[in-house]
Amino acid sequence: NTFLSATLVASRGIVAVLLLRVALIFVLFRPAMPQKLQKKFLSAIGMLCIPLFFYFMAVSISRFGESDASSRIFMYLGHAMQNLNENCIGAMHSFAYGKYAMSFFGPMFGFHFSPENFASLGYTGSTGFYTFLGAFYIDFGPIITVFYCILLSCIIAHFTNKRYKKFSDLIVIVYFASFFVNGVFVI
């Protein structure tokens, strides 16, 4: 159970990803759901959000103290995007040129690159909190990242704009959606 795992390690990110996955499932299967079931589902999710907000508050207070715990929740959920904007885009003076994405193969080709090397590129943020887009930006810079986003949007549109989706289409959609949901927070 994902929620029990999150509670065990006092994680807010795991719970946020779980909520986003539930929203993803609803969006994907809403056209096949009867209207009455959609209303029940949305009501249940709305009622579930109230105790989850208190869970987020409790974890935030336990980590940072009682001072302004509610704003810390929003700061936490937006930390990766803020880190990407402030410490990555515009702050970097050089890029890894694929060495970060291909760091597994680096020793075979005689190079070693890890997140500790980000400072040499001009990146000033903390490791992990820069989203999947930030990881791509760190490797390839702004022009290729924009091209990547356009290409990815076209691929996703190809699979999601079909009137009737095959099971294989849903697998591709769920793969990309899961990647985006996870990568919005930490990569």
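pLDDT is the predictor's confidence in each residue, on a scale from 0 to 100. The protein chain has a mean pLDDT of 80, and 94% of its residues reach 70 or more. This is a predicted model, in which local features need pLDDT of at least 70, side-chain atom pairs count only at pLDDT 80 or more, and totals for chains, interfaces and linings use all residues. Residues are numbered from 1 along each chain as its sequence is written, and side-chain values use heavy atoms, with hydrogens and water left out.

Start with the overall fold. The protein chain holds 9 helices and 0 strands. Both kinds of element are DSSP runs, numbered from the N terminus: helices are H or I runs of at least four residues, strands are E runs of at least two. Along the sequence the pattern reads α-α-α-α-α-α-α-α-α. The C-alpha trace spans about 60 × 50 × 30 Å along its principal axes.

Now go inside. Of the 187 residues of the protein chain, 33% count as buried. Buried means under 20% relative accessible area, exposed means over 50%, and partly exposed lies in between (1.4 Å probe, protein chains only). In soluble globular proteins, nonpolar side chains tend to be buried together. A nonpolar core here is a set of buried Ala, Val, Leu, Ile, Met, Phe, Trp, Tyr and Cys residues joined through side-chain atoms within 4.5 Å. The largest such core has 14 residues, and Cys-88, Met-92, Tyr-100, Phe-118, Leu-121, Tyr-130 and Ile-138 touch the most other members. Helices H7 (118-121) and H8 are the elements that give two or more residues to this core. H8 gives the most, with 3 residues.

Aromatic contacts come next. Rings of Phe, Tyr and Trp (its six-membered ring) pair if their centres lie within 6.5 Å; planes under 30 degrees apart count as stacked, over 60 as edge-to-face and the rest as tilted. By this rule there are 6 aromatic pairs. One of them joins Phe-136 and Phe-140: the ring centres are 4.8 Å apart and the planes lie at 50 degrees, so the pair is tilted. These two residues are 4 apart in helix H8, which means about one helical turn separates them. Phe-136 also pairs with Tyr-148, with centres 3.8 Å apart and planes at 15 degrees, so this pair is stacked. Phe-136 and Tyr-148 are both buried, whereas Phe-140 is partly exposed at 27% relative accessible area. Phe-136, Phe-140 and Tyr-148 form one aromatic cluster.

Further along helix H8 sits Ser-153. Ser-153 is partly exposed, with 45% relative accessibility. Its C-alpha atom is 27 Å from that of Phe-74, 79 residues away along the chain.

Turn to charge. A salt bridge is a side-chain nitrogen of Lys or Arg within 4 Å of a carboxyl oxygen of Asp or Glu. The whole structure contains 1. Lys-162 and Asp-169 form a salt bridge through their side chains, at 3.2 Å from N to O. Lys-162 is partly exposed, at 27% relative accessible area. Asp-169 is buried, at 3%.

Finish on the surface. Met-102, Phe-104, Phe-105, Met-108 and Phe-109 form a nonpolar patch there, with about 640 Å² of accessible area together. Patches are made of residues with over 30% relative accessible area and no salt bridge; like charges are joined within 9 Å, and nonpolar side chains (Val, Leu, Ile, Met, Phe, Trp, Tyr) within 5 Å. Accessible areas come from the Shrake-Rupley method with a 1.4 Å probe, and for residues only the protein chains shown count as cover. Met-108 lies in helix H6 (residues 106-109). Met-108 is exposed, with a relative accessible area of 59%.
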